[in-house]
Amino acid sequence: MKLANNLKKQFAYQVFMGSGATESNIKANIQYGNVLYFGTHAIANAADPLRSKLVLAKEIGPQTEDGYLHAYELYGIPLEADLAVLNACESGLGNLQKGEGMISLAYSLHYAGCLSTVMSLWKVDEKINTQITKDFLQYLKKGYAKSDALRQAKLDFLNDSQMETPHPFYWAGMVLMGNDGQVEFQQRPWIWFVLAGFIALLFLGYKFTSSRSQKLDSL
């Protein structure tokens with residue numbers, strides 16, 4: 001929740017807390033966002049990657065959804081997002097299929113129309129991942145390309161880290177897949193949306209304009 005509070009100080013956005021972070025709320029809003037941020041648990045299913053899922057808040061009252069946003073459900077949502085950040089363990093894991101690549105939650109977002117994804121390749125430290133994500137978003141706001149912003153956020157962490165934390169296990173799991181380029185932040189009423197629950201956070205930036213290139217970069 002600390003990241004959500006920091007973002008709230010910088011941008012105008014709507015907040016859904018606790019029981020408001022439901023699957024139905026996310027499905028109703030996700031298609032309008034240009035920048036998506038998920039801070040929640042993910043459950044990877046290597047045997048059946050389309051059943052990998054993000055854990056969300058349960059509905060109160062009649063159960064219209066099960067509280068899990070599955071990879072196969074993302075396929076059916078028409079997205080126009082330039083970037084999605086999956087701050088969830090193993091969100092980039094799945095099943096390698098010939099001619100398709102790694103089928104995962106990140107793949108589902110791309111299939112639905114999202115141009116690029118920052119994802120985790122293994123179980124990550126939540127505190128460290130949140131710090132890197134916070135700095136990553138700040139560098140995007142300053143005009144850095146997505147790959148450069150992620151690289152600089154990792155370098156900042158390494159420069160500030162103590163003892164065993166410089167080990168790649170703590171910072172190298174976050175990677176960028178897809179289209180690179182800048183994301184232009186524009187101040188507009190209700191441009192930011194955050195859906196937050198006890199284990200779920202969805203952050204949507206509405207209708208940014210973006211300068212895109214086809215290159216991919218890495219740290």
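This is a predicted model: local features need pLDDT of at least 70, side-chain atom pairs count only at pLDDT 80 or more; totals for chains, interfaces and linings use all residues.
Mean pLDDT for the protein chain is 75, and 68% of the residues reach 70 or more. Confidence is highest in helix H6, residues 146-160, at a mean of 93. Strand S14, residues 209-213, has the lowest, at 37.

Two stretches should be read with that in mind. Over residues 187-201, pLDDT stays under 50, and the model has 73 contacts beyond four places in sequence for them. Residues 207-219 also stay under 50, with 40 such contacts in the model.

Now the helices. In general, two packed helices are described by the angle between their axes and the distance between the axes. Helix H5, residues 126-141, packs with H6 at an angle of about 135°, and the axes are 8 Å apart. Angles over 145 would count as roughly antiparallel and 65 to 115 as roughly perpendicular, so H5 and H6 are oblique to each other. Their crossing is right-handed.

Which residues in H5 and H6 meet? From H5, they include Ile128, Ile132, Phe136 and Leu140. From H6, they include Ala149, Leu150, Ala153 and Phe157. By class, the contact has nine nonpolar, one polar and four charged residues.

Last, the sheet. Strands of a sheet pair through backbone hydrogen bonds, either parallel or antiparallel. Here three strands form an open sheet in the order S3-S4-S5, with antiparallel pairing. S3, 42-43, and S5, 68-70, stand at the edges. Each has a single partner strand, so one side of each is left without a neighbour in the sheet. Two bridges join S3 to S4, residues 53-55. Ala42 stands opposite Leu54 in S4.

Technical notes: Residues are numbered from 1 along each chain as its sequence is written. Side-chain values use heavy atoms; hydrogens and water are left out. pLDDT is the predictor's confidence in each residue, from 0 to 100. Helices (H or I, at least four residues) and strands (E, at least two) are DSSP runs, numbered from the N terminus. Contact means heavy atoms within 4.5 Å. Axes are lines fitted to C-alpha atoms, for helices over the stretch in contact, and angles run from 0 to 180 degrees between N-to-C directions. Angles under 35 degrees count as roughly parallel, over 145 as roughly antiparallel, 65 to 115 as roughly perpendicular and the rest as oblique. A crossing is left-handed if the near helix is turned anticlockwise from the far one by less than a right angle, and right-handed if clockwise. Ala, Val, Leu, Ile, Met, Phe, Trp, Tyr, Cys and Pro count as nonpolar, Asp, Glu, Lys and Arg as charged, and the others, Gly among them, as polar. Two strands pair if DSSP finds at least two bridges between them.
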